[in-house]
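Here is my note on the model, as numbered points. Please read it with the structure open.

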Amino acid sequence: MSTKPSKKLPPTSKAIAMGQRMRTQRELLGFTQAKLASIIGVSENAITQYESGRSSPRRERLAALAQALGKSIGWLLTGNEPEEEVKAQTVAEKDILKAVRDLPPEQQDFILKMVQGLKK
């Protein structure tokens, strides 16, 4: 019975792009690969593999990795930042948003113009 040696597939463009995002963010934060590895509980070699695109973090590691890098899982996977309106708001911002959503569209337009006028 002969078994073929397993051929490892080359890194995909998505894996390479995710690895580049990870490396750039890690360096911006001033983390070494060893430091990031210790934060998320993997080996330094695992971080090297992630950053090169040769390996991707397991699903259960994505949240810890995103948190350690100060980014969302969506950013980690796609590079897309959530729009400013979607990001967590302060309590006051949430209250304003709830109040404005209850208004008819013409009053929402009026409120928007008022706020824009205050910025001038």
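1. Where is Ser-43 found? Ser-43 lies in the loop between α2 and α3. With 41% relative accessibility, Ser-43 counts as partly exposed; by relative accessible area, buried means under 20%, exposed over 50%, and partly exposed in between (1.4 Å probe, protein chains only). Ser-43 and Gln-33 are ten residues apart along the chain, and their C-alpha atoms are separated by 8.9 Å.

2. Basis of the values. This is a predicted model, in which local features need pLDDT of at least 70 and side-chain atom pairs count only at pLDDT 80 or more, while totals for chains, interfaces and linings use all residues. Residues are numbered from 1 along each chain as its sequence is written, and side-chain values use heavy atoms, with hydrogens and water left out.

3. Overall make-up. The protein has seven helices and zero strands, giving the pattern α-α-α-α-α-α-α along the sequence. Helices (H or I, at least four residues) and strands (E, at least two) are DSSP runs, numbered from the N terminus. Of the 120 residues in the protein, 22% are buried. Among contacts with a separation of 6 or more, 51% are between residues 24 or more positions apart; contact means heavy atoms within 4.5 Å.

4. Helices α2 and α3. The axes of helix α2 (residues 33–40) and α3 are 8 Å apart, and the two pack at an angle of about 105°. The helices are therefore roughly perpendicular to each other. From α2, the contact takes in Gln-33, Ala-34, Leu-36, Ala-37 and Ile-40; from α3, Glu-44, Ile-47, Thr-48, Tyr-50 and Glu-51. By class these are six nonpolar, two polar and two charged residues. Here Ala, Val, Leu, Ile, Met, Phe, Trp, Tyr, Cys and Pro count as nonpolar, Asp, Glu, Lys and Arg as charged, and the others, Gly among them, as polar. Axes are lines fitted to C-alpha atoms, for helices over the stretch in contact, and angles run from 0 to 180 degrees between N-to-C directions.

5. Helices α1 and α3. What angle do the axes of α1 and α3 make where they cross? Helix α1 (residues 13–29) and helix α3 (residues 44–52) cross at roughly 120°, their axes coming within 6 Å. This pair is therefore oblique: angles under 35 degrees count as roughly parallel, over 145 as roughly antiparallel, 65 to 115 as roughly perpendicular and the rest as oblique. Ala-15, Ile-16, Gly-19, Gln-20, Met-22, Arg-23 and Arg-26 of α1 meet Tyr-50, Glu-51 and Ser-52 of α3. The contact divides into four nonpolar, three polar and three charged residues.

6. Met-22. This residue of helix α1 is buried, with a relative accessible area of 0%. Beyond its neighbours within four places in sequence, Met-22 contacts Tyr-50, Glu-51, Leu-65, Leu-69, Trp-75 and Leu-76. Leu-69 is 47 residues from Met-22 in sequence and 7.6 Å away, C-alpha to C-alpha.

7. Leu-77. Leaving out residues up to four places away in sequence, Leu-77 touches Met-18, Arg-21 and Leu-62. From Leu-77 to Met-22 the C-alpha distance is 9.9 Å, across 55 residues of sequence.

8. Rings. Lys-71 lies over the face of Trp-75, 5.1 Å from the ring centre; a charge sits over a ring if NZ of Lys or CZ of Arg is within 6 Å of the ring centre and within 35 degrees of the ring normal.
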